[in-house]
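Thank you all for coming.

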Amino acid sequence: MLFPYQIYFFVILAIPIAGEAPNFSCTGLQYFKYSLFSDIYRCNFYLCIRCESNVTLPNVQATLSIKENGTDVKNMWNYKQGIVDVGTHFTFAFLKDYLFHGPTQFQIDINGTEKNNTVIEETIPWTEPEVYFRSTYLNFTINGSNDTVIVNRGDNVTFLCSADGYPLPLVGLNSLQMSPAHLFNEEVIDPGVPITIPVDNFNLYGNYSCYINNNYNNIRKEILLLVKNRISSYEFINQENASIQTVSSELNNSTLSINVYGYPAPASMRVSCNDTSLCNGVSVLYESQSPVWGKIHLRFFNDTLANQNTNISLTVDNGFVTIFEISCTDCNNRPINGGYPLRDSSLNVLLGIFYLFFISSLCF
């Protein structure tokens with residue numbers, strides 16, 4: 001007879017061990033860390049009871065009973081689902097959060113038939129009453145800080161994610177980094193267990209999040225990690241030791257602009273021309289677009305300088321010194337500040353004289 005507060009399911013237990021008596025053992029209520037491709041992956045997110053046998057018993061029958069506050073739970077279908085696992089395991093997963101209503105107890109009855117038709121019965125007795133509660137607190141730190149963290153290459157970075165709740169939930173780590181290969185990709189970990197990573201390149205920069213990894217609640221914390229490195233143009237991002245970088249740029253409204261990456265922002269920038277002296281009539285400005293992305297703008301106030309296609313060198317110091325050798329790809333061909341290139345200035349003068357002569361002739 002199937003009582004309304006009991007549910008049966010059947011499994012085939014494998015891996016026979018000759019000469020041993022049937023032995024069944026079950027865990028308490030807890031979360032289990034399983035891979036994404038496991039049939040019981042849901043135990044990452046839902047509380048489960050997991051049972052194991054060390055013998056083969058075809059057509060095993062298992063019954064889970066529950067009491068809350070000393071009273072039998074009648075509506076079992078709201079509480080659990082039996083999951084057949086590979087090998088000698090079977091699992092009950094609790095798909096609702098009704099476990100958090102008071103002291104709870106469990107009992108499991110298991111029976112099956114051996115190959116010689118001997119009936120085996122075993123009862124896992126009622127557990128002691130325990131009070132379960134969902135997580136309400138999450139603490140996430142990187143190197144002991146829960147604010148933006150700044151590190152150098154060669155440092156170690158320690159990620160620590162802690163939570164409350166009983167049983168303790170699993171937690172997840174995720175990262176959104178500059179590099180396409182994320183350090184953590186929804187990785188499920190145990191709470192309170194630190195993970196230490198050496199900083200071997202600047203690609204560790206990014207946002208890191210820790211979150212409670214279950215379906216009973218949703219709490220998430222996020223921290224920005226910054227790695228100190230030189231200012232580089234986009235073309236040299238993956239060449240961390242390139243202290244001299246050749247870049248080209250088109251003139252736009254008397255300005256040459258370079259897209260750059262690096263942290264921290266420049267402390268100083270110096271422009272020189274022809275490798276000998278500072279350029280007169282050129283200003284340089286750093287425009288921050290994020291903690292690590294930005295633009296460097298060189299604005300010309302001297303038309304002659306731009307139109308001569310002068311060899312321009314920009315030295316940027318943010319704790320690391322980078323020299324940009326800048327080539328203006330169209331400085332000889334485009335108007336500067338609304339005027340015309342210097343090589344056409346004589347023609348401009350002749351046209352102006354002719355215009356004045358034409359106007360004067362009309363007046364007489």
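Leaving aside residues up to four places away in sequence, asparagine 217 touches Arg134, Ser135, Thr136 and Ile212, where contact means heavy atoms within 4.5 Å. Before I go on, please keep in mind that this is a predicted model, in which local features need pLDDT of at least 70 and side-chain atom pairs count only at pLDDT 80 or more, while totals for chains, interfaces and linings use all residues. Residues are numbered from 1 along each chain as its sequence is written, and side-chain values use heavy atoms, with hydrogens and water left out.

Asparagine 217 itself sits in the loop between strand 16 and strand 17 (220-227); strands here are DSSP runs of E with at least two residues, numbered from the N terminus. Its relative accessibility is 16%, so asparagine 217 counts as buried, a term that means under 20% relative accessible area, with exposed being over 50% and partly exposed in between, for a 1.4 Å probe and protein chains only.

Now to the cysteines: how many disulfides does the rule give? The count comes to three disulfides, a disulfide being a pair of cysteine sulfur atoms within 2.5 Å.

One of them joins cysteine 161 to cysteine 210, with an S to S distance of 1.3 Å. Because cysteine 161 lies in strand 12 (residues 156-163) and cysteine 210 in strand 16 (residues 206-212), this pair ties together parts that are 49 residues apart in sequence. The torsion about the S-S bond of cysteine 161 and cysteine 210 is about -55°, and the disulfide is therefore left-handed. Cysteine 161 is buried at 1% relative accessibility, and cysteine 210 is buried with a relative accessible area of 0%.

Another disulfide joins cysteine 26 to cysteine 51, with 2.0 Å from S to S. Here the pair links distant parts of the chain, 25 residues apart, with cysteine 26 in strand 2 (residues 24-26) and cysteine 51 in strand 3 (residues 48-53). This link is right-handed, with 110° about the S-S bond. Are its two ends buried or partly exposed? Cysteine 26 counts as partly exposed at 24% relative accessibility, whereas cysteine 51, at 1%, counts as buried.

That leaves cysteine 43 and cysteine 48, which form a disulfide with their sulfur atoms 2.1 Å apart. The link of cysteine 43 and cysteine 48 is left-handed, with -95° about the S-S bond. Cysteine 43 is buried, with a relative accessible area of 0%, and cysteine 48 likewise counts as buried at 0% relative accessibility.

Conventions:
Helices (H or I, at least four residues) and strands (E, at least two) are DSSP runs, numbered from the N terminus.
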